[in-house]
Amino acid sequence: MQAFKYFQPKDVQGAMDLMRAHEKAMFIAGGTNLLDLMKLHVAEPEVLIDINALPLRTMQMRNKRFFIGALALNSDVAQNETVQRNYPLLAEALLAGASPQLRNMATVGGNLLQKTRCVYFNDPTFACNKRNPGSGCSALEGWTRQHAVLGTSPHCIATHPSDMAVALNALDGEVVIQGPTQERRIPIRSFHLEPGDTPQKETVLNRDELILGVELAEPLKGQTSRYVKVRDRSSYAFALVSAATVLVMDGSTIRESRVALGGVATRPWPASSAEAILKGGRAEDAVFQKAADAAMQGAVPRKMNAFKIDLAKRALRRALQEASSGQRWG
Ligand SMILES: Cc1cc2nc3c(=O)[nH]c(=O)nc-3n(C[C@H](O)[C@H](O)[C@H](O)COP(=O)(O)OP(=O)(O)OC[C@H]3O[C@@H](n4cnc5c(N)ncnc54)[C@H](O)[C@@H]3O)c2cc1C
Ligand code: SF4
C-alpha cells in the first residue's frame, strides 16, 4: 500500500474543503472495500478523508420520507424498526450481503459506491478499461462466470455487486448528494451508469461530491415485496443473480410494480419492461413468466455466463410469487 495523508474532518463543509484542496484524495467510510483496493494497488489515493466523524449516521422521517444517513451501518439499517416495518425488502437485501462482521463496518454510502468484483479489475497485472481507461478488457475472452449479460458494452462487462442498490432501485429511492455549493437529489434509478465507452465513470457523482444519504417514500396501501438472491454459497458470497420486487396489490390484481435485478447487469438493473407487463395483471404464474421473459430480453451472454439468463428468470418468478402471497402494508 502506498503512503497517504490522513484527515478526519468534523463536518461536511470541512470534508468538502479537503476534497477540493487535494486532487488525489478519496473519502473513506467503513473501508471494507477501499482498503482492500489500496492493498491491491488498484486504488492509490494520496490523501484519505475519513468521514466517520460527520453527522451522517442517523435514520429519521423527514416530510413523510424516510432518510437514511450515508454513514448508517448496513447492520443498523437492516435492524431499524422503520426499515423492518415499511421496507422489509431493504433489510432482506442487506442481510443477504457480505457477513455480520462486514455489515457492522459497511456504510450505506460506501455500499452504493463499492467497486466491481471483476477479478481482472482487482489485479493490476491485467488490462482493464475500468481501472485503466483505454487499456482493454481482459474479461471479454476470459473467465466470465460472474460477469454481466445486460447493459454491457464492448469496453466492459463487469457486474455491479451491491445487493442494497438493487433493493433501492425497486423501492424507487433517492440519493441525497452534497455538491460544492448545494444539495442535489438523484433518483437511484439514474444514479448508476452503464459502462458505454467510459466504464471508469460508474455513477453520476462528481469527484467533489459527497453522498449524504438515501431517502425513501412511504409505502403504499397493499404494498408487498421480496428479495431473492442466488449465490454459490448460502452466505458470504456475491449474487450470481438476484431479484427485488415491490408489488402494490388490490385483491389478486397488481396495481403497481417495481422490479430490479442484480448480478446480471453492469449496474443495478431496473426492469421496466417487466413492470409494464405486471401493471394491471393478475398475480399468477403465467403473468410472472411473461414478466421474467421481458426482463431478460436483449441479454447478451458470454461463453461461461449464459446460465444466468434462465436463473434470473426463475429468481424473478420466485420473488414475484413470494411477494404476491406475502404480507401487505396498510
Ligand atoms: C468479503 C466481502 C463480501 C462482500 N459481500 C457482499 C455482498 O454479498 N453484497 C453486497 O452488496 N456487498 C458485499 N460486500 C461489499 C460491502 O458491502 C462493501 O464493501 C461496503 O458496503 C462498502 O462500504 P464501506 O463503508 O466500507 O465503503 P468504503 O470502503 O469506505 O468506501 C467505498 C467507496 O465509497 C466511497 N465513499 C464512501 N462513503 C462515501 C460518501 N458518503 N460519499 C462519497 N463517497 C463515499 C469511498 O471513497 C470508496 O470509493 C462484501 C465485501 C467483502 C469484503
Ligand atoms: S469487465 Fe470491466 S472491470 Fe472487468 S476487466 Fe473488463 S473493463 Fe475491467
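Angles under 35 degrees count as roughly parallel, over 145 as roughly antiparallel, 65 to 115 as roughly perpendicular and the rest as oblique. Welcome to a predicted model, in which local features need pLDDT of at least 70, side-chain atom pairs count only at pLDDT 80 or more, and totals for chains, interfaces and linings use all residues. Residues are numbered from 1 along each chain as its sequence is written, and side-chain values use heavy atoms, with hydrogens and water left out.

**View 1. Helix α5 packs with helix α8.** Here α5 (residues 88-95) and α8 (residues 163-170) pack at an angle of about 165°, their axes 8 Å apart; axes are lines fitted to C-alpha atoms over the stretch in contact, and angles run from 0 to 180 degrees between N-to-C directions. The two helices are therefore roughly antiparallel to each other.

**View 2. Residues where α5 meets α8.** From α5 come Leu89, Leu90, Ala93 and Leu94, and they meet Asp163, Met164, Ala167, Leu168 and Ala170 of α8 (contact means heavy atoms within 4.5 Å). Of the residues in this contact, eight are nonpolar, none is polar and one is charged.

**View 3. Strand β8 and its cover.** How many of the eight residues of β8 are buried? Seven are, in a strand that spans residues 210-217 (buried means under 20% relative accessible area, with a 1.4 Å probe and protein chains only).

**View 4. Partners of β8.** Strand β5 (residues 65-69) runs antiparallel to β8, joined by five bridges, and phenylalanine 66 has leucine 216 as its bridge partner. Strand β6 (residues 174-178) also pairs with β8 in the antiparallel sense, over five bridges; there, glutamine 178 is partnered by leucine 210.

Methods: Chains lettered and ligands numbered in written order. Helix = DSSP H or I, 4+ residues; strand = E, 2+ residues; numbered from the N terminus. Nonpolar A, V, L, I, M, F, W, Y, C, P; charged D, E, K, R; others polar. Buried < 20%, exposed > 50% of the residue type's maximum accessible area, 1.4 Å probe, protein only. Pairing = 2+ DSSP bridges.
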